[in-house]
Amino acid sequence: MAAPPPPYTVLRSHTSAVSTISINSTGNGLLSGSEEGVTLLWDLATRRPTLSQETHGGYGILCVDFLSETLAITQGRDGQCHIHDLLTGFSKTESFPFTSYNFCKVATLPQPLRETQFLLPMDDATVRLYDKRTQTIAATFNAFGRDKTGAVMCISALQTNENSDMPLVMAAFESGHIAVWSIASSTQGPILWQKIHSDPVLSIAHSPTTAASQQQYIGSVSADNTMAIWTLPQSWTTAQTEQASNNANLSEALRMEYSKGAADVCFGPDVGTSLLLSGGWDHRVRLYDYKKKQAVAVLKHHTGAVNCVRWLPNAGGGAAFASASSDSSIALWQLPLKKKTKHTKEKDTNP
């Protein structure tokens, strides 16, 4: 089998580990943040940064994300989140605090709430929903005395189907547990509490929102050197999310081992595909077909841990994505994908 191609572009302007990246909806802009505290806005057409700023006073950047084509959020180790107007050069329009200083990233909600509500990790192992319209905490998500959780490690908002009017909130913990809450009933505790890894969960992600009744998946990577794929309870994808049952668990569909841990996991953006990316501590990017339960490609380029992976839109039938590394670079990849045939044989692999 032919070796996968190298990255078609490597972006090099950071001088320290790149901890986080985000790509806008048109695929022509990329945000990146480094451990030295520098945030860059890249023009992917020219492959050069157009804006550069220490957005958190020299503190490391935990998260960057596009809220729209002209608004972005940054999260720093100074305990602050900033909203920036990209038309005026990273000027701050609003700031709000969080209190968890590990690696947990702030999470945005799906549209139409993406620019107004944010999930914040807190040092008391809770997740808080901040509403910037009222500048208040709209809800607090608590595990309510279940097993010792340790710190919140990663959070995400999950819209279970196209007809749901309110997302679910997911958080994974240092203890290896995952919790899921309904925003509509946050005071009643999680509707799911489950041990999914033996060591801290480092990243969680969910497959794209689908039509009601279609299967959805959650991916997780952990310091226990495994990646797992889970199927959501079917009742969650057929009902309105405030009616989601609290008597169901995630079902494990796949678990793969690594020689070293992985830092990030990210599902493909297109509904109907079954592709997933992971970024590893072993400097590799892996592309999986999680329904076929096999690795599509193992990509070797970086000389440091891969801290963040994100998909590029408009891949033209292939797989296009970016990887950010502790080697201070960002690699852009384009992989052609074989067309499915009815004679394709499925097999398990354990890379």
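1. Start with E252: at 42% relative accessible area this residue counts as partly exposed, the label for anything between buried (under 20%) and exposed (over 50%), using a 1.4 Å probe and protein chains only. E252 forms a salt bridge with R255, with the closest N and O atoms 3.0 Å apart. R255 is also partly exposed, at 31% relative accessibility. A salt bridge here means a side-chain nitrogen of Lys or Arg within 4 Å of a carboxyl oxygen of Asp or Glu.

2. Before going further, a word on what you're looking at. This is a predicted model, where local features need pLDDT of at least 70 and side-chain atom pairs count only at pLDDT 80 or more, while totals for chains, interfaces and linings use all residues. Numbering runs from 1 along each chain as its sequence is written, and side-chain values use heavy atoms, with hydrogens and water left out.

3. How many salt bridges turn up in the whole structure? The search finds 6. One of them joins the side chains of R114 and D65, at 3.0 Å from N to O. That pair ties together distant parts of the chain, 49 residues apart: R114 sits in the loop between β10 (107-108) and β11 (117-121), and D65 in strand β6 (residues 61-66). Strands are DSSP runs of E, at least two residues long, numbered from the N terminus. D65 has 16% relative accessibility, so it counts as buried.

4. Another salt bridge brings the side chains of D124 and R128 together, at 3.4 Å from N to O. D124 is partly exposed at 42% relative accessibility, and R128 is partly exposed too, at 26%.

5. A139 is buried, with 10% relative accessibility. Apart from neighbours within four places in sequence, A139 is in contact (heavy atoms within 4.5 Å) with V127, R128, L129 and S186.

6. Now the inside. The largest nonpolar core has 20 residues, and L119, F141, I155 and F173 have the most contacts within it. β12 (127-131), β13 (136-141), β14 (152-158), β15 (168-173) and β16 (177-182) each supply at least two of its residues. By "nonpolar core" I mean a set of buried Ala, Val, Leu, Ile, Met, Phe, Trp, Tyr and Cys residues joined through side-chain atoms within 4.5 Å. In soluble globular proteins, nonpolar side chains tend to be buried together.

7. Which residues does I155 touch? Not counting residues up to four places away in sequence, the list includes C104, V106, L119, V127, M170 and I204. There is also a second, separate core of 19 residues, with A172, I204, A228 and W236 among them.

8. Last, have a look at strand β28 (residues 330-335). Of its 6 residues, 5 are buried, so the strand is largely enclosed by the rest of the structure. β28 pairs in the antiparallel sense with strand β1 (residues 9-11) over 3 bridges, where pairing needs at least two DSSP bridges between the strands. V10 has A331 as its bridge partner in β28. The hairpin of β27 and β28 has 4 residues between the strands, and S328 takes a positive phi near 80 degrees in it.
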